[in-house]
Amino acid sequence: MSNSNPEMNALGVVALELAGGQQPAHPALRSGQAGELAALIGRDLAKLVPQVSALDLVFAAAHFDPAEVLRPGWPIHRRLEELQMRAPGRNAGPRLLAFGADANGDIPLPLQADPALTGGGLRVLPFVLTGEDAGALGECRQALEEVLLANGMAQPDTALLAQNAFAAQIEHARYFTVNDLAAMMAMQYDNQGLADLWPLLETAMFAPSEECWLEAPPEPLLRYAGGEARMALFDPAGWCAHYAHDKNDCERLQRVYDQYLMRQRQMAAVLEAHGIDVLYVHVHAGQDARVLLAH
């Protein structure tokens with residue numbers, strides 16, 4: 001039986017950095033082009049990490065926003081693993097499996113990107129490397145972590161094929177492990193003033209059974225646990241009390257309160273993009289927000 005241990009398989013993406021914010025014309029490739037691109041990707045990866053050539057390469061010839069990949073449970077990669085386990089030819093040597101649009105151009109549900117998350121300058125094409133030999137797979141996974149971030153540029157013919165097939169203007173095409181992609185997104189969120197939210201996202205992705213709090217006034221109060229984020233929703237008086245503003249200043253601070261609500265909406269949108277449900281917990285003046293979020 002194929003190795004389906006989520007901790008064992010090597011999970012990665014082909015990252016397409018788009019020029020001028022132009023989105024690719026095609027959301028997914030049909031089987032012929034998908035197979036051609038997968039073959040070049042397999043060649044590139046094997047040049048960087050020779051152990052790759054002994055493994056199954058399972059590739060989604062469809063592009064996603066990074067947040068769709070960086071979700072608790074790695075759902076898109078899990079779908080690729082399920083497709084790999086159902087594909088014919090097991091135990092007949094390493095396979096190259098590429099999935100994309102069908103003959104009519106329709107995209108099967110597991111490979112449909114969220115239309116609400118288009119428009120970013122980076123689109124990613126997920127892949128999984130898997131095989132029977134746990135030792136070889138572990139070595140490959142470790143080598144990919146050491147090599148891809150520094151040296152993982154796609155070869156020019158691979159980038160050109162991706163550009164032509166997707167009808168996209170691509171500035172750079174590179175390979176990342178999911179850990180590399182997470183590190184890059186952490187830097188991006190830091191640049192966008194969202195660094196305080198990253199530990200919560202990281203917990204949801206890499207340690208989903210653990211708990212994480214965001215307690216960094218004046219930021220919103222948040223608790224991640226059990227697969228969801230609970231966010232304190234204060235009325236103006238409760239907000240004033242929790243953040244220790246002088247009561248006489250509360251009316252004057254209406255604009256600050258409005259900015260706080262905008263910040264909550266921004267953070268909730270980021271969490272939801274990463275597949276984390278947000279539950280708002282109403283907190284009124286005199287109530288302990290932390291206690292309410294803990295239940």
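A polar contact is a pair of N or O atoms within 3.5 Å; within protein, one atom must be able to donate a hydrogen and the other to accept it, and residues adjacent in sequence count only if both atoms are side-chain atoms. The model is predicted: local features need pLDDT of at least 70, side-chain atom pairs count only at pLDDT 80 or more, and totals for chains, interfaces and linings use all residues. Residues are numbered from 1 along each chain as its sequence is written, and side-chain values use heavy atoms, with hydrogens and water left out.

**View A. Arg78 in helix 3.** Arg78 lies in helix 3 (residues 75-86); helices (H or I, at least four residues) and strands (E, at least two) are DSSP runs, numbered from the N terminus. The side chain of Arg78 reaches the backbone oxygen of Gly73 at 3.4 Å. With a relative accessible area of 17%, Arg78 is buried (under 20% relative accessible area; exposed is over 50%, partly exposed in between; 1.4 Å probe, protein chains only).

**View B. The largest nonpolar core.** This core has 47 residues, where a nonpolar core is a set of buried Ala, Val, Leu, Ile, Met, Phe, Trp, Tyr and Cys residues joined through side-chain atoms within 4.5 Å. Val69, Val124, Leu197, Leu201, Leu222 and Leu271 have the most contacts inside it. A second, separate core has 36 residues, including Leu40, Ile41, Leu144 and Ala168.

**View C. Helix 6 against helix 7.** Helix 6 (residues 178-191) and helix 7 (residues 198-206) pack at an angle of about 160°, with their axes 11 Å apart. Helix 6 is therefore roughly antiparallel to helix 7 (angles over 145 degrees; under 35 is roughly parallel, 65 to 115 roughly perpendicular, the rest oblique). Axes are lines fitted to C-alpha atoms, for helices over the stretch in contact, and angles run from 0 to 180 degrees between N-to-C directions. Asn179, Ala182, Met185, Ala186 and Tyr189 of helix 6 make the contact with Trp198, Leu201 and Phe206 of helix 7 (contact: heavy atoms within 4.5 Å).

**View D. Helix 5 and its packing partners.** In helix 5 (residues 156-166), the buried residues include Thr158, Leu161, Ala162 and Phe166. The buried residues of helix 5 pack against strand 1 (10-18), helix 1 (31-48), strand 4 (122-130) and strand 5 (170-177). Ala167, which follows helix 5, has a positive phi, near 55°.

**View E. Glu219 in a loop.** Glu219 sits in the loop between strand 6 (212-214) and strand 7 (222-225). At 12% relative accessibility, Glu219 counts as buried. Leaving aside neighbours within four places in sequence, Glu219 is in contact with Gly193, Asp196, Tyr243, Tyr260, Arg263 and Met267.
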